[in-house]
Structures are given as structure tokens and as C-alpha cells.
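Trainee: I'd like to learn how to read a surface feature and then the overall shape. Can we walk through one together?

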Amino acid sequence: MLAIFVLGLPSFVLALVAYLTGSLVVGWVTLVAGVVIGTAGVWVGVRRGGAIFDRREPELLQQVASYR
């Protein structure tokens with residue numbers, strides 16, 4: 001949860017600045033930054049999660065098979 005907070009903090013700060021100043025340019029920058037940071041976060045999460053799954057796949061399959 002801390003990583004999600006840290007990754008979302010730049011977008012939140014930009015959104016706050018855009019709201020307080022009323023600047024449309026900062027609003028668009030916020031949108032682009034949010035999309036880029038979100039896409040990068042999803043990409044990294046899927047890659048790392050897939051690597052963890054691949055590494056633990058035999059143990060996971062044994063554990064699921066034992067539920068019968």
C-alpha cells in the first residue's frame with residue numbers, strides 16, 4: 001500500500017496544484033502523468049507478479065491439488 005501511495009503522490013500533488021491555480025495546462029499535465037505512472041505501475045506489477053508465479057508454480061499446483 002505504501003508503494004501505491006508513493007506512486008500516486010506526484011499525480012495527487014499535480015491535481016492539487018491544478019485545482020488551486022485553476023491552470024488547464026497543469027490539469028492536462030496531471031492527466032498525462034497519471035496515465036503514464038498508472039500504466040508503468042500496471043506493467044511492473046504484472047511482470048513481477050508473473051515472475052513470482054513462475055517461480056512458485058510447482059508449490060502452488062501442489063497446494064491446489066491438495067484441496068480435493
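Trainee: Which residues form the nonpolar patch on the surface?

Mentor: Keep in mind that this is a predicted model. The general idea: a patch takes residues with over 30% relative accessible area, and nonpolar side chains are joined within 5 Å. Here the patch consists of Leu2, Phe5, Val6, Leu9, Phe12, Val13, Leu16, Val17, Tyr19 and Leu20.

Trainee: Take Phe5, then. Is Phe5 buried or exposed?

Mentor: The cut-off for exposed is over 50% relative accessible area. Phe5 has 52%, so it counts as exposed. You'll find Phe5 in helix H1, which covers residues 2–21.

Trainee: And how many helices and strands does the protein have?

Mentor: There are 2 helices and 0 strands.

Trainee: Which residues does UniProt list as "transmembrane region"?

Mentor: Residues 25–46, and that comes from an unreviewed entry. In the model, that span is 100% helix and 0% strand, with its end C-alpha atoms 32 Å apart.

Trainee: What about the overall shape? How does the radius of gyration sit against that of a compact globule?

Mentor: For 68 residues, a compact globule would come out near 11 Å, but this protein has 19 Å. The box around the C-alpha atoms, along the principal axes, is roughly 60 × 15 × 15 Å.

Conventions
Residues numbered from 1 in each chain as written. Predicted model: local features only at pLDDT ≥ 70, side-chain atom pairs only at ≥ 80, totals over all residues. Heavy atoms only, no water. Patch = residues over 30% accessible without salt bridge, like charges linked within 9 Å, V, L, I, M, F, W, Y side chains within 5 Å. Areas by Shrake-Rupley, 256 points an atom, 1.4 Å probe, with all protein chains shown as cover. Salt bridge = Lys/Arg side-chain N within 4 Å of Asp/Glu carboxyl O. Helix = DSSP H or I, 4+ residues; strand = E, 2+ residues; numbered from the N terminus. Buried < 20%, exposed > 50% of the residue type's maximum accessible area, 1.4 Å probe, protein only. UniProt positions renumbered as here; feature names shortened; annotations may be inferred. Rg over C-alpha atoms; globule rule 2.2 N^0.38 Å.
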